[in-house]
Structures are given as structure tokens and as C-alpha cells.
Amino acid sequence: MMELDTVLRALLFISPVIAGVVLVIYARSPTGVKGFDNLSRRDTKRRAEQGDAQAQNNFGAMYLHGRGVFPRNTTKAAEWFRQAAKQGLAPAQHNLGVMYANGKGVPQDDTQAAEWFRRAAEQGFTAAQYNLGVMYDKGKGVPQDDTQAVKWYHQAAEQGFAGAQHNLGTMYDKGRGVSQDDTQAANWYRRAADQGLADAQHNLGIMYVKGEGVPQDDTQAAEWYRKAAKQGIIEAQFGLALLYGEGRGVPQNYTQAIKWFFRARRKRALQKLKKILT
């Protein structure tokens with residue numbers, strides 16, 4: 001059976017349009033085919049070896065995820081990410097930072113992780129801004145610094161990164177690196193919650209229960225608790241059970257209260273068991 005690249009070359013002589021359609025079909029295939037993977041690999045490798053930074057980053061990703069004909073190889077992934085990162089490609093710098101943070105393909109090194117995150121973050125790469133914020137937040141690879149954490153969270157949050165929006169909300173909520181401000185906390189929690197981030201949905205529910213940063217509203221609290229509870233947030237499940245038990249924001253319903261209470265207890269027990277076993 002002819003490989004896909006051979007077929008494509010033949011089709012090009014007959015109809016470039018048909019060849020293009022065939023390539024798109026295979027490119028969108030969820031499983032791919034060996035011929036296409038080989039074609040993609042050879043083209044990417046050629047461009048990577050010629051110094052194309054984007055191709056080097058893509059080649060690293062192919063090794064990282066074991067795409068196509070590759071066995072997964074994190075060491076080679078890191079090597080290609082590094083080549084692209086040294087050329088200043090922000091996604092590759094971020095990817096190399098992740099490799100150092102997780103100790104994949106390279107020795108685990110928070111200092112190196114923070115350095116590569118910084119290089120990408122300074123180019124406006126959103127995920128790197130968020131990760132650099134986390135490093136400052138936790139004091140990993142850099143001195144712990146709430147002000148710097150807020151700075152980088154804010155930059156990523158303004159670009160719509162949900163994790164950064166939630167973490168920035170937490171900083172305002174607790175008055176870390178910024179003046180304590182419930183209104184700003186609720187604002188950032190809401191932005192992340194609207195994107196489906198469960199922790200932000202839970203925290204926004206708490207704000208409504210307490211009337212902090214938003215008008216006190218048990219109905220809104222129940223709505224946000226429910227969204228977080230369905231995603232498995234234990235505290236939201238307990239909170240929703242309490243609202244059902246007291247009939248606050250929802251009609252009093254002991255069946256629903258018991259359902260959410262035992263769902264939370266079961267998940268917490270499973271978490272404890274998993275911790276013991278590992």
C-alpha cells in the first residue's frame with residue numbers, strides 16, 4: 001500500500017485541489033494514518049534541523065506526546081524545546097520551563113523553570129505569565145513575593161487566562177500583594193467562574209453567601225455552588241447540601257441535602273484512601 005506522501009505527489013499532477021482536500025481530511029483525522037504521520041514528521045524534522053524555531057518546538061511536542069511514529073521521549077522533547085527556546089520562541093521557552101518544573105526530560109529545577117517562564121512571560125505569553133505568578137506565589141525557584149505574583153497574575157488575567165483570574169481573585173480576597181478588596185475578588189472570581197473554573201465557581205458562591213463584594217444572595221450562592229459541586233469540589237458539595245437542608249436559595253429538600261452531603265463525604269473518603277495507598 002502506498003504511503004500518503006506518495007499518493008499526494010501523484011494527486012498533485014492530476015488535481016492540486018483534490019490533493020489539498022485529501023491532506024485536510026487526514027490532518028483532521030482523530031487517529032491519523034502512518035503515511036500522514038511520516039510525512040508530517042519528515043517535514044517537521046527537516047525544518048527543525050534547518051533551524052526553524054517553530055518546527056523545533058513542534059518536533060519537541062511530537063516527542064513529548066509520542067505523536068505519530070515516535071515513541072514518547074521526554075529527553076529528546078526537552079532538547080528540541082531548548083533549541084527553539086534559545087532562539088527566543090516564547091511557546092518553546094514556556095514548554096522548557098514546564099519540563100524543568102516537572103522534571104521531565106531534564107533534572108527537576110525550579111530555578112531553571114522560573115527563568116524560562118520569565119523569558120516567555122516577558123514576551124506576553126499568557127501561560128508563562130500565569131506559571132511565573134505561581135512560582136512567586138509559592139516561592140519556588142524565586143524568592144516568595146506576593147507583589148510579583150500579583151503582577152504576573154494580572155497580566156495573564158487581563159488576557160483571559162482563567163487560572164490567573166482565579167488566583168488574582170484570591171490575592172484580592174486575602175489582601176496579599178494588594179490591598180484587600182472584596183469587590184475586586186468577586187470580579188476576578190466571576191471572570192474565571194464564567195469560563196467554567198470550578199474553584200472560582202465555589203469561591204464566588206462563598207462571596208454570595210457572605211455578601212462580600214456582591215449583594216448577599218443565597219439563590220446565586222446555590223447556583224454557583226451547584227456548578228462547582230457538579231465538577232467535584234467537595235466544599236461546594238457540602239455548601240450546597242447545607243443550603244438544601246436550610247432551604248436557603250433553593251426550596252428546602254432533605255433528599256437533595258443528603259445526596260450532596262454523602263457525595264462529598266464519599267469523595268473525601270476516597271481522597272484519604274488514595275493518599276494512604278500512595
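Colleague: Which helices do the buried residues of helix 9 pack against?

Modeller: This is a predicted model, where local features need pLDDT of at least 70, side-chain atom pairs count only at pLDDT 80 or more, and totals for chains, interfaces and linings use all residues. Residues are numbered from 1 along each chain as its sequence is written, and side-chain values use heavy atoms, without hydrogens or water. With packing judged by contact (heavy atoms within 4.5 Å), the partners of helix 9's buried residues are helix 7 (110-121), helix 8 (126-138), helix 10 (162-174) and helix 11 (182-194).

Colleague: And which residues of helix 9 are buried?

Modeller: Buried here means under 20% relative accessible area, with a 1.4 Å probe and protein chains only. In helix 9, that label goes to D146, A149, V150, W152, Y153, A156 and A157.

Colleague: How far does helix 9 reach from its first C-alpha to its last?

Modeller: Helix 9 covers residues 146-158, so to speak, 13 residues in total. The expected span is 1.5 Å times one less than the number of residues. Helix 9 comes close to that expected figure, with a reach of 18 Å.

Colleague: Which residue takes a positive phi just after helix 9?

Modeller: Look just past the end of helix 9. The phi there is about 95°, and the residue is G160.

Colleague: Let's move to helix 6. Which of its residues are buried?

Modeller: Helix 6 has 13 residues and reaches 18 Å from first C-alpha to last, close to the 18 Å expected. Its buried residues are A90, A92, Q93, H94, L96, G97, M99 and Y100.

Colleague: What share of contacts between residues at least 6 apart in sequence join residues at least 24 apart?

Modeller: For background, the protein has 278 residues, and 42% of them are buried. Among those contacts, the share joining residues at least 24 apart is 43%.

Technical notes: Helix = DSSP H or I, 4+ residues; strand = E, 2+ residues; numbered from the N terminus. Buried < 20%, exposed > 50% of the residue type's maximum accessible area, 1.4 Å probe, protein only.
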